[in-house]
Structures are given as C-alpha cells and as structure tokens.
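User: Could you walk me through how the terms in this description are decided?

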Amino acid sequence: MSTSVFEKEFVLTDPVAIRNFLKLELDDSPVAPISQTSYTAQERDRSEKLLSQFLSHSKH
C-alpha cells in the first residue's frame, strides 16, 4: 500500500486556533483514509516519476 507524507510548518498565535488545534491533536477517534483507492504499481511509478521531475525542477 502506498502512502504519501506532506510536511508543512505553521505557527499558531491566536488562542482560539491553538485551542482548536490541541483539541484535534488529542482526539483519538479513528480517522478514515482520504481515499479508499489502492494504487497499481504502474500508477505508483508514474506518480513517483512526476514527483521526481517536479522536485528536480524546483531546485533550479
């Protein structure tokens, strides 16, 4: 099964936003996956190739 990870740094300064964020972090309920679709090896290879091309172009 393929998975993707996206990292983004953000800063919360608003007390309400901080409280809401902590509430989400402490919530232990199960989370449904974004997509139930499993990728084929061909689709995964195509995605990896596209990501690789994007990353190599963004460094220039």
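**Surface patch and helix**

Analyst: F10, L12, I18, F21, L22 and L26 form a nonpolar surface patch with about 550 Å² of accessible area together. This is a predicted model, where local features need pLDDT of at least 70 and side-chain atom pairs pLDDT 80 or more, while totals use all residues. Residues are numbered from 1 along each chain, and side-chain values use heavy atoms, without hydrogens and water.

User: What makes a nonpolar patch?

Analyst: Its residues have over 30% relative accessible area and no salt bridge, with nonpolar side chains (Val, Leu, Ile, Met, Phe, Trp, Tyr) joined within 5 Å.

User: How many of the 12 residues of α1 are buried?

Analyst: The count is 0, so α1 is hardly covered. Across the 60 residues of the protein, buried ones make up 0%.

Conventions
Buried means under 20% relative accessible area, exposed over 50%, partly exposed in between (1.4 Å probe, protein chains only). Helices (H or I, at least four residues) and strands (E, at least two) are DSSP runs, numbered from the N terminus. Patches are made of residues with over 30% relative accessible area and no salt bridge: like charges are joined within 9 Å, nonpolar side chains (Val, Leu, Ile, Met, Phe, Trp, Tyr) within 5 Å. Accessible areas come from the Shrake-Rupley method with a 1.4 Å probe; for residues, only the protein chains shown count as cover. A salt bridge is a side-chain nitrogen of Lys or Arg within 4 Å of a carboxyl oxygen of Asp or Glu.
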